[in-house]
Amino acid sequence: MNLNYKDNLMNIIKKINQLHEEDEHEKIIEIITSIPNEEMNTELFSLLARAYNNTEEYDKALDNLMYIREECIDDNLWNYRVGYAYYYNGNKENAEIYFKKAYDLDNEDSDAYNFYILCSEDRDEGINFEKRVNIFWKWFEENEKIISDFIEKKSSMSSDEIAEFVSEGTLLISNDLQFNFGGNYEFIFTIEGKEYLFYLTPRIVSAMPDKLKSKWKFFPYMPKQNVENFNFKIYDKDFSFEEILVYAEFNKDADSFNLKFYNEKLNELEEDYAYNTFYIMLEHAIGENIAKFYLGEALKSYEKLDGMIELTKLYDFIIDILKNRDKKIIEEPTERYSFYERKPYDNYLRDDIFMGNSCYMGLVYDFYNYNYDALVKISKMGARAVYLHYHFYENKDNDFDDENINKILLNERDNITDDIENIMGEKGSGKEIGIILGSAFGTLGGYIDLLLYNQDEFIKRAEEVLKNYNYKFSLLRFRQYSEIIKEFND
């Protein structure tokens, strides 16, 4: 390769990258396709594929990428671009393979990981969450005697066998569901750190058939357990709940408790093991819901502190403090909404938001941090985390010179939210098709955040109420750069 050719090639690539930053992808295609084939190299073919990807010519992108497949098969960027072309060409199964390899080659490639996750976004076998729940309860009714016989010690099945058998039922909803059952016909779904389940398992429990209610007690998450005089074995160590000491400090601004915990055996464990053990025992002692709603940070202490109490007494301590301050005890996830403020920085969807509220702040954080894990896991269960958006300026009746316009728009958003909530069905009835997660107010538009158990039914009902408003509404997935699922009043 002579120096003039090499210098010229470097200048071409520099120009191409500059045009890429300026979104001039058509010009890139013109430049590269004008280069004689004998002067093309691997990098130019890859850059041409990138430009084709950015002009939505995915077949052409794939043709160029496959031309250099042999030399690039173990290159992170090549695998990413192949995955991208397959993804937007509608072939998510192939895209998943290449995005996974791109991420395996570079574990810091967050874009490859996010696309890999999104490849399974709609992998729910076409069965929505509402239907899955109904199928589960039909299965449970048909097999209730087998489960009861085990509890009543009339069965020859081992504990492992009955657990595997019951798993056949819960798998009809999701492979993410964990559970315990026994005792006085109690069946407990456990969250085990999967926050999104707090917004799904209550819908399962509320749909329990009436004829089971006289015998069975189902819990959507683990309630406080009777842990007095109870030992817990983990990591080859036995722990007594009474011997775990905690210091709880109430944070009045957040209505939460920060903890410090101490136990000699815990301190002997490696850091991760110590915290894991404490959190497991903590959730048994106070319940998964109380832990979610009222606990802040927990730190390990290397010495016993004044004012520490036994872990078995922490639940009563928390409840007493809250009651003495006239605080309502929150036990359901949709009963506690948090207010948040943001600084608008763009006109893109949700980037214009300056205030909002949500009972699932984790989902809001995920949105702005490009974290799709919970969103996809919700989708795999047949539910959908979505938001409804409308643009203030599309309504010609809005007078933005009116000094009360913000109040008018806020009241209107509340009315829309109320109408949407009414079409969902009564919350806790076991027949609701979704829940309101929150709402937000931006400089350009309004937002209503939803978790849908039956998206198709929601769309049918929403069409009837939204036509009463002089806006075009868009339903989108609760993530950045979502395609529009449905437009209303278009």
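User: Which side chains meet in a salt bridge at 3.0 Å, N to O, with glutamate 96 as one of them?

Analyst: In this predicted model, the side chain of glutamate 96 forms a salt bridge with that of arginine 123, at 3.0 Å from N to O. The two residues are 27 apart and belong to distant parts of the chain: glutamate 96 is in helix H7 (residues 92–105), while arginine 123 is in the loop between H8 and helix H9 (129–151).

User: Is glutamate 96 buried or exposed, and how is arginine 123 classed?

Analyst: The reading rests on a cut-off, since buried means under 20% relative accessible area. Glutamate 96 has a relative accessibility of 18% and therefore counts as buried. Arginine 123, with a relative accessible area of 41%, is partly exposed.

User: What does the salt bridge between glutamate 121 and arginine 479 tie together?

Analyst: The side chains of glutamate 121 and arginine 479 meet at 2.9 Å, N to O. Glutamate 121 sits in the loop between H8 and H9, and arginine 479 in the loop between strand E15 (473–477) and strand E16 (484–488), so the contact ties together parts 358 residues apart in sequence. Glutamate 121 and arginine 479 are both buried.

User: Where do lysine 300 and glutamate 271 lie, and how accessible is each residue?

Analyst: Their side chains form a salt bridge of 3.0 Å, N to O. Lysine 300 belongs to strand E8 and glutamate 271 to helix H14, so the bridge ties together parts 29 residues apart in sequence. Lysine 300 is counted as buried at 11% relative accessibility, whereas glutamate 271 is partly exposed at 41%.

User: Which residues do salt bridges with shared partners join into one network, and how many salt bridges are there by this rule?

Analyst: The network consists of Glu121, Asp122, Asp124, Arg384, Arg477, Arg479 and Glu483. The count of salt bridges comes to 29.

User: Let us turn to pockets. How does one find where empty space is left?

Analyst: A probe the size of a water molecule is rolled over the atoms, and this shows where space is left empty. Here, the largest pocket holds about 510 Å³ of space. Its lining has 27 residues, and Glu195, Ala291, Lys292, Phe293 and Leu295 are those that lie nearest the centre. Helix H14 (271–286), helix H15 (288–294), strand E8 (295–300), strand E10 (338–341) and helix H17 (361–368) each give two or more residues to this lining. By class, the lining of the largest pocket contains 16 nonpolar, 4 polar and 7 charged residues.

User: What is the volume of the second largest pocket, and which residues lie nearest its centre?

Analyst: The volume of the second largest pocket is about 370 Å³. Of its 15 lining residues, Tyr88, Phe115, Tyr372, Gln480 and Tyr481 lie nearest the centre. Helix H6 (76–88) and helix H8 (110–118) each supply at least two lining residues, and H8 provides the largest share, 5 residues. This lining divides into 8 nonpolar, 3 polar and 4 charged residues.

User: How should I read the strand order of the open sheet of 4 strands, and which are its edge strands?

Analyst: The order of this open sheet is E8-E7-E6-E9, and the pairing is mixed. E8 and strand E9 (309–310) are the edge strands, each pairing on one side only. Strand E6 (residues 245–251) pairs with strand E7 (residues 256–262) in the antiparallel sense, over 7 bridges. Tyrosine 247 has lysine 260, in E7, as its bridge partner.

User: Why do residues three or four places apart in an α-helix point the same way?

Analyst: They do so because an α-helix has 3.6 residues a turn. As a case of a helix, H3 (residues 42–54) has 13 residues and reaches 19 Å from its first C-alpha to its last, close to the 18 Å expected at 1.5 Å a residue.

User: How many residues of H3 are buried?

Analyst: In H3, 10 of the 13 residues are buried, so the helix is largely enclosed by the rest of the structure. Among them are Leu44, Phe45, Arg50 and Tyr52.

User: How many helices and strands does the protein chain have, and what percentage of its residues is buried?

Analyst: The secondary structure comes to 20 helices and 16 strands. Of the 490 residues in the protein chain, 50% are buried. The C-alpha atoms fill a box of roughly 85 × 60 × 55 Å along the principal axes.

Note on methods
Residues are numbered from 1 along each chain as its sequence is written. This is a predicted model: local features need pLDDT of at least 70, side-chain atom pairs count only at pLDDT 80 or more; totals for chains, interfaces and linings use all residues. Side-chain values use heavy atoms; hydrogens and water are left out. On a 1 Å grid over the protein atoms alone, a cavity is a set of points where a 1.4 Å probe fits but cannot get out, and a pocket is an open set with protein on both sides within 12 Å along at least five of seven lines; lining residues have an atom within 4 Å of a point. Grid points are joined across faces, edges and corners, and a volume is the space filled by probe spheres set on the points. Ala, Val, Leu, Ile, Met, Phe, Trp, Tyr, Cys and Pro count as nonpolar, Asp, Glu, Lys and Arg as charged, and the others, Gly among them, as polar. A salt bridge is a side-chain nitrogen of Lys or Arg within 4 Å of a carboxyl oxygen of Asp or Glu. Buried means under 20% relative accessible area, exposed over 50%, partly exposed in between (1.4 Å probe, protein chains only). Two strands pair if DSSP finds at least two bridges between them. The expected span of a helix is 1.5 Å times one less than its number of residues.
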